[in-house]
Amino acid sequence: MGKLICDSTTSSPVIPWRDPTSTPSSLDSIDLVDQSSPATTTTITTGAVSVADSSSWENVSALEDQQRKHLIKIQSKGVLWKHPRDQNASVVFRLSHGGEVEADGNCLFTACGKSMGLTTVSYARDLRRRTVRRFMEDLGSVSKEEKEVIESAIKHMYSPDLKSGWGIHVVQELKLLAKKDDREVLNSAISELVQLGMQRELAAESIYKERCMAVDDGPSWAKYMSISGSPDDEYDIITLQYTEEGLLTVDENSDGHAAAFGDDIAIECLSTEFKREIFVVQAHGSDAMVDEENCVFFLPHRPRCEICEPPFFLFMKGTGWCGAGADHYEPLIASPSAYVSQEKVALVL
């Protein structure tokens with residue numbers, strides 16, 4: 001849902017593996033690798049491998065037994081990644097949980113930063129900035145048809161047609177953007193309608209829909225995804241929730257602390273920005289899994305450009321099948337391991 005169209009058929013010379021725990025001097029220099037170097041086969045030696053904490057999954061909260069069992073198996077056996085172009089450049093990764101991150105709406109960017117080993121204070125906001133910049137640059141270079149597909153996905157996620165979709169969703173949301181500088185004027189307009197006898201939530205719905213920006217195209221998505229819940233944001237997020245019967249709630253976000261949750265489009269922009277695949281390891285509970293053997297699966301996000309480095313991984317605990325995007329992400333630490341045959345690993349990516 002909401003996937004940015006990617007060309008996954010292109011690849012690049014393999015860049016030697018860089019230790020994910022090393023810290024670049026600045027965030028903007030993290031992907032400034034020398035792409036003029038000859039192609040090199042990635043080689044991992046046992047002596048250079050950092051051993052993942054075997055108990056990391058035992059300490060992760062809110063996992064069901066079958067989920068924990070499969071995640072421990074993935075960690076102990078590893079997953080095999082092969083470069084799309086050079087199948088001889090293979091790396092086995094042992095995936096351990098990288099710790100919890102705050103559920104403040106910035107979790108995608110915080111988790112990505114931790115997975116990549118970033119330690120600067122503002123890396124989450126910097127990653128947001130780079131995501132939005134990459135999106136706008138890519139949007140300006142795609143064909144008219146591609147742009148229509150992307151903007152249709154945005155509208156489907158954030159400004160859905162409330163006349164449909166109820167066979168899948170119990171609750172649907174509309175996202176609106178209110179300028180921080182306009183909040184006092186908006187509140188006054190709502191109060192005037194309330195004084196005339198209109199219910200507060202209906203009055204708020206009417207004013208916000210009339211005067212706020214809908215998130216339904218590329219430029220509005222960029223404004224939305226720039227919101228980190230900081231006082232420095234230009235806009236506040238207003239959320240209108242509906243059931244099939246009508247308006248359910250209005251989240252006016254009066255304190256302006258709500259942040260835009262990273263979605264599939266944002267992940268694919270990050271993938272392109274860093275020229276790396278991003279795998280979301282999704283663990284479904286008994287409410288959504290088909291069977292116990294398929295309670296954990298890997299969702300690949302590929303860049304719109306050459307792949308220049310090995311991937312990084314994110315963890316998402318899913319609850320049900322809907323919600324591609326506004327879920328909680330946590331970091332995974334990918335420890336490169338000595339190569340073994342693909343028959344011995346838990347999964348071949």
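Let's start with Asp138: with a relative accessibility of 10%, Asp138 counts as buried, where buried means under 20% relative accessible area, exposed over 50% and partly exposed in between, using a 1.4 Å probe and protein chains only. A quick word on where this comes from: this is a predicted model, in which local features need pLDDT of at least 70, side-chain atom pairs count only at pLDDT 80 or more, and totals for chains, interfaces and linings use all residues. Residues are numbered from 1 along each chain as its sequence is written, and side-chain values use heavy atoms, with hydrogens and water left out.

So, what does Asp138 pair with? Its side chain meets that of Arg304 in a salt bridge, 4.0 Å from N to O. By salt bridge I mean a side-chain nitrogen of Lys or Arg within 4 Å of a carboxyl oxygen of Asp or Glu. Arg304 sits in the loop between strands S8 and S9, and Asp138 in helix H3, so this pair ties together parts 166 residues apart in sequence. Helices here are DSSP runs of H or I with at least four residues, and strands are runs of E with at least two, numbered from the N terminus. Arg304 itself is partly exposed, at 23%.

Now look at Glu273. Its side chain forms a salt bridge with Arg134, at 3.0 Å from N to O, and both of these residues are buried. Glu273 also meets Arg133, at 3.3 Å. Arg133 is in helix H3 and Glu273 in helix H8, so that pair ties together parts 140 residues apart.

Finally, H3 as a whole: 12 of its 17 residues are buried. Thanks, everyone!
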